[in-house]
Each structure stands twice: as C-alpha cells, then as structure tokens.
Amino acid sequence: MSDFENCSGSCLGCEEECDGGATITLTLDNDEVIECQVLTTYQAAGKDYIALLPLNEKGINEDGEVFIYRYHEENGTPVLENIEDDEEYEAASDGFDEWLDSLEYDEIVSEEEPGE
C-alpha cells in the first residue's frame, strides 16, 4: 500500500523530525495513486498513527486536506491501515490536533527566547 522515498521507513524509532523530504506513495482503493508528504507519526489513545499531506502533480497541497492512518511496522516495513471506527478516528484526529498545537507552542516559545 505504501512506498517511502527519502526516508529510513522507521518513523516510530526515528529520533529526527521529518524535514519535509519524506514522502509516501499511496494507492487508494480505486487504484488512484497519490504522493503524500509525511507530516508526523504520533500516538493517540495507545495506538500509533501517521499524518500525510496529499500533494498534486506539482508537489503542492491545494486544499489543506490531511490523511490519517493507523501505523505500525512489520519486519521494519511501514504498514498503514484505514481507521474504520468513528471513535478511533476521533481520538486520532484529536492527537493530530494536539501535535499541531505543540508546533504553534514551539513557534511562540522560539520567538520569545531571543529577546528574553
């Protein structure tokens, strides 16, 4: 279902933040192929998830849509799974929102540090 480029493929064990270079190619159920930027992997409600930013043929995300999948690794190979349960999807979405909030907090803190 997926193919990582510019990435070790081991997000859960990776201690580096993705610099925007990691991409994944998804083949959807309708056989549509979409290139996505890996935004982050994170935990929510005791499970691991991955957030992906779908890109058009020019490498741009035009509508701000984000794909969230359950994520794990088998023998070092990343595996993405659809989230079928509404409650699980809500928990995964909340976890992604918390990640976004932490980015905004980090930006605020880094802006304040030089002029302390």
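A contact, as I use the word here, means heavy atoms within 4.5 Å.

**Entry 1: ground rules.** I am working from a predicted model, where local features need pLDDT of at least 70, side-chain atom pairs count only at pLDDT 80 or more, and totals for chains, interfaces and linings use all residues. Residues are numbered from 1 along each chain as its sequence is written, and side-chain values use heavy atoms, with hydrogens and water left out.

**Entry 2: the overall layout.** I looked up the secondary structure and found 1 helix and 6 strands in the chain. Both come from DSSP runs numbered from the N terminus: helices are H or I with at least four residues, strands are E with at least two. Along the sequence I read the pattern β-β-β-β-β-β-α.

**Entry 3: chain totals.** The chain has 116 residues, and 34% of them count as buried. Buried means under 20% relative accessible area, exposed means over 50%, and partly exposed is in between (1.4 Å probe, protein chains only). I noted an accessible surface of about 7,700 Å² for the chain, with 42% of it belonging to carbon and sulfur atoms. That area comes from the Shrake-Rupley method with a 1.4 Å probe. Of the contacts with a separation of 6 or more, 35% are between residues 24 or more positions apart.

**Entry 4: a look at E88.** Next I picked E88, which sits in helix α1 (residues 86–112). Is E88 buried or exposed? E88 counts as buried because its relative accessibility is 11%. Leaving out residues up to four places away in sequence, I found that E88 touches K47, Y49, R70 and I83.

**Entry 5: salt bridges.** How many salt bridges does the structure hold? I found 3, each being a side-chain nitrogen of Lys or Arg within 4 Å of a carboxyl oxygen of Asp or Glu.

- K47 and E88 meet through their side chains in a salt bridge at 3.9 Å, N to O. K47 lies in strand β4 (residues 47–55) and E88 in helix α1, so this pair ties together parts 41 residues apart in sequence. K47 counts as partly exposed, because its relative accessibility is 38%.
- R70 and E81 also pair through their side chains, at 2.7 Å, N to O. This pair links distant parts of the chain, with R70 in strand β5 (residues 67–74) and E81 in strand β6 (residues 77–81), 11 residues apart. E81, at 27% relative accessibility, counts as partly exposed.
- R70 forms a salt bridge with E88 too, with the closest N and O atoms 2.7 Å apart. Here strand β5 is linked to helix α1, across 18 residues.

**Entry 6: putting the pairs together.** Through shared partners, the salt bridges join K47, R70, E81 and E88 into one network.
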